[in-house]
Amino acid sequence: MARLPAGVTWGQLYGAALLCGIGFTMSLFIGSLAFEHAGPQYGASVRLGILVGSLLSAVVGYVVLRMVLSRQVR
């Protein structure tokens with residue numbers, strides 16, 4: 001259906017997609033702040049889960065890109 005740009009690999013695309021998870025989880029975090037009047041059961045555990053998801057996305061994306069890019073340098 002489409003082709004990757006010249007010089008771009010599937011591993012790089014995958015790593016960039018993982019980093020996009022940071023923005024997605026931060027939008028969930030902002031949404032949870034907007035609707036925090038929904039009740040105390042919606043509070044701290046939801047925010048903690050969203051922040052952990054964002055951190056996990058950043059770390060895994062970094063590791064994947066580091067591995068992919070280090071293979072290309074050799």
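Why does Leu 55 count as exposed? At 56% relative accessibility, Leu 55 counts as exposed (over 50% relative accessible area; buried is under 20%, partly exposed in between; 1.4 Å probe, protein chains only). The model is predicted: local features need pLDDT of at least 70, side-chain atom pairs count only at pLDDT 80 or more, and totals for chains, interfaces and linings use all residues. Residues are numbered from 1 along each chain as its sequence is written, and side-chain values use heavy atoms, with hydrogens and water left out.

**View 1. The whole chain holds two helices and zero strands.** Helices (H or I, at least four residues) and strands (E, at least two) are DSSP runs, numbered from the N terminus. The C-alpha atoms fill a box of roughly 55 × 30 × 15 Å along the principal axes. The radius of gyration of the chain is 17 Å, whereas a compact globule of 74 residues would have one near 11 Å. That radius is taken over C-alpha atoms, and the globule rule is 2.2 Å times the number of residues to the power 0.38. Of the 74 residues, 22% count as buried. The accessible surface comes to about 5700 Å², with 73% of it belonging to carbon and sulfur atoms. Accessible areas come from the Shrake-Rupley method with a 1.4 Å probe; for residues, only the protein chains shown count as cover.

**View 2. Helix H1 (10-34) packs with H2.** H1 has 25 residues and reaches 37 Å from its first C-alpha to its last. That is close to the 36 Å expected at 1.5 Å a residue. The expected span is 1.5 Å times one less than the number of residues. Buried residues of H1 include Gly 15, Leu 18, Gly 21 and Thr 25. H2 is part of what covers the buried residues of H1.

**View 3. Helix H2 covers residues 44-73.** Its 30 residues should span 44 Å, and the end C-alpha atoms are 43 Å apart, which agrees. The buried residues of H2 are Ile 50, Ser 54, Ser 57, Gly 61, Val 64, Leu 65 and Val 68. These buried residues pack against H1. Contact means heavy atoms within 4.5 Å. Among contacts in the chain between residues at least 6 apart in sequence, 71% join residues at least 24 apart.

View 4. Not counting residues up to four places away in sequence, Ser 54 touches Ile 22, Thr 25 and Met 26.

**View 5. Val 64 is a buried residue in helix H2.** Its relative accessible area is 15%. Val 64 touches Gly 11, Tyr 14, Gly 15 and Leu 18, leaving aside residues up to four places away in sequence. Val 64 and Ala 16 are 48 residues apart in sequence, yet 8.9 Å apart in space, C-alpha to C-alpha.

View 6. Val 60 and Leu 18 lie 42 residues apart in sequence and 7.0 Å apart in space, C-alpha to C-alpha.

**View 7. A nonpolar surface patch includes Leu 55.** Leu 55, Val 59, Tyr 62, Val 63 and Met 67 make this patch of about 490 Å². Patches are made of residues with over 30% relative accessible area and no salt bridge; like charges are joined within 9 Å, nonpolar side chains (Val, Leu, Ile, Met, Phe, Trp, Tyr) within 5 Å. A salt bridge is a side-chain nitrogen of Lys or Arg within 4 Å of a carboxyl oxygen of Asp or Glu. Leu 55 is placed in helix H2.
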